[in-house]
Amino acid sequence: MAGKLDWLAAGLPIEGSAADHPRAGDVARRDAPTCRLDESMSSVRERARAAGWDACVVVNEERVVLGLLRSDELAKGQDEPVERFMRPGPSTFRPHVPIGEMAHFMLDHEVPNSPITTSDGRLVGLLRQEDAVRVAHGLHSHHGGSE
């Protein structure tokens with residue numbers, strides 16, 4: 001069983017009946033901006049906004065998630081380092097978590113976005129609440145139809 005969980009946690013493809021149920025790792029955006037602890041807030045803010053994001057995931061050289069800047073934090077500071085304003089140790093989720101479960105959690109806890117990581121903490125992508133809800137809703141509207 002540990003082998004299968006490691007496989008799922010790494011975000012690798014799965015087969016069988018569960019394969020057509022999207023998971024957090026399938027929906028997470030791989031293009032989410034990342035930044036380092038010592039980067040200036042102003043340069044990170046410019047880069048994130050230019051890419052159409054209101055968040056930035058703080059990672060180290062190995063892409064291990066150290067923190068998160070959401071819109072509130074991203075609006076702060078100028079020359080100060082990211083480390084000063086980031087949310088340290090944000091809640092992260094594994095790629096194999098079903099998207100319906102993620103959508104419920106994110107809505108219930110008012111989480112706008114959440115890093116999806118491998119079991120060793122490396123960033124897979126950033127899951128946006130609206131993406132999780134849209135995909136989960138799409139799943140429910142396809143069930144029970146006459147095909």
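**Ground rules.** Residue numbers start from 1 along each chain as its sequence is written, and side-chain values use heavy atoms, with hydrogens and water left out. Because the model is predicted, local features need pLDDT of at least 70 and side-chain atom pairs count only at pLDDT 80 or more, while totals for chains, interfaces and linings use all residues.

**Whole chain.** Select the protein chain and colour by secondary structure. There are six helices and six strands. Here helices are DSSP runs of H or I with at least four residues, strands are runs of E with at least two, and both are numbered from the N terminus. The order from the N terminus is α-α-β-α-β-β-α-β-α-β-β-α.

Now switch to a surface. The accessible area is about 8,400 Å², and 51% of that belongs to carbon and sulfur atoms. The method is Shrake-Rupley with a 1.4 Å probe; for residues, only the protein chains shown count as cover. Of the 147 residues, 42% count as buried. Buried means under 20% relative accessible area, exposed means over 50%, and partly exposed lies in between (1.4 Å probe, protein chains only).

Select residues 56-59, strand 2, and residues 65-69, strand 3. They run antiparallel, joined by four bridges. Strands count as paired if DSSP finds at least two bridges between them. The two form a hairpin with five residues between them. In the turn, pick Arg-63: its phi is positive, about 65°.

Next, click Gly-67 in strand 3, the bridge partner of Val-58. Gly-67 also stands opposite Pro-88 in strand 4. Strand 3 is mostly covered, with four of its five residues buried.

**Helix 5.** Select residues 99-108 and look down the axis. The buried residues are Ile-99, Met-102, Ala-103 and Met-106. They share one side of helix 5 because they cover an arc of only 100° around the axis. That arc is taken from the directions from the helix axis to the C-beta atoms. On the other side, Glu-101, His-104 and Asp-108 are exposed. Step on to Glu-110, which follows helix 5 and has a positive phi near 50°.

**Asp-131.** Finish in helix 6, residues 129-142, where Asp-131 lies. Is Asp-131 buried or exposed? Its relative accessible area is 3%, so Asp-131 is buried. Show side chains: a polar contact of 3.0 Å joins Asp-131 and Arg-134. Such a contact is a pair of N or O atoms within 3.5 Å; within protein, one must be able to donate a hydrogen and the other to accept it, and residues adjacent in sequence count only if both atoms are side-chain atoms. Asp-131 also touches Val-27 and Arg-29 (heavy atoms within 4.5 Å), not counting residues up to four places away in sequence.
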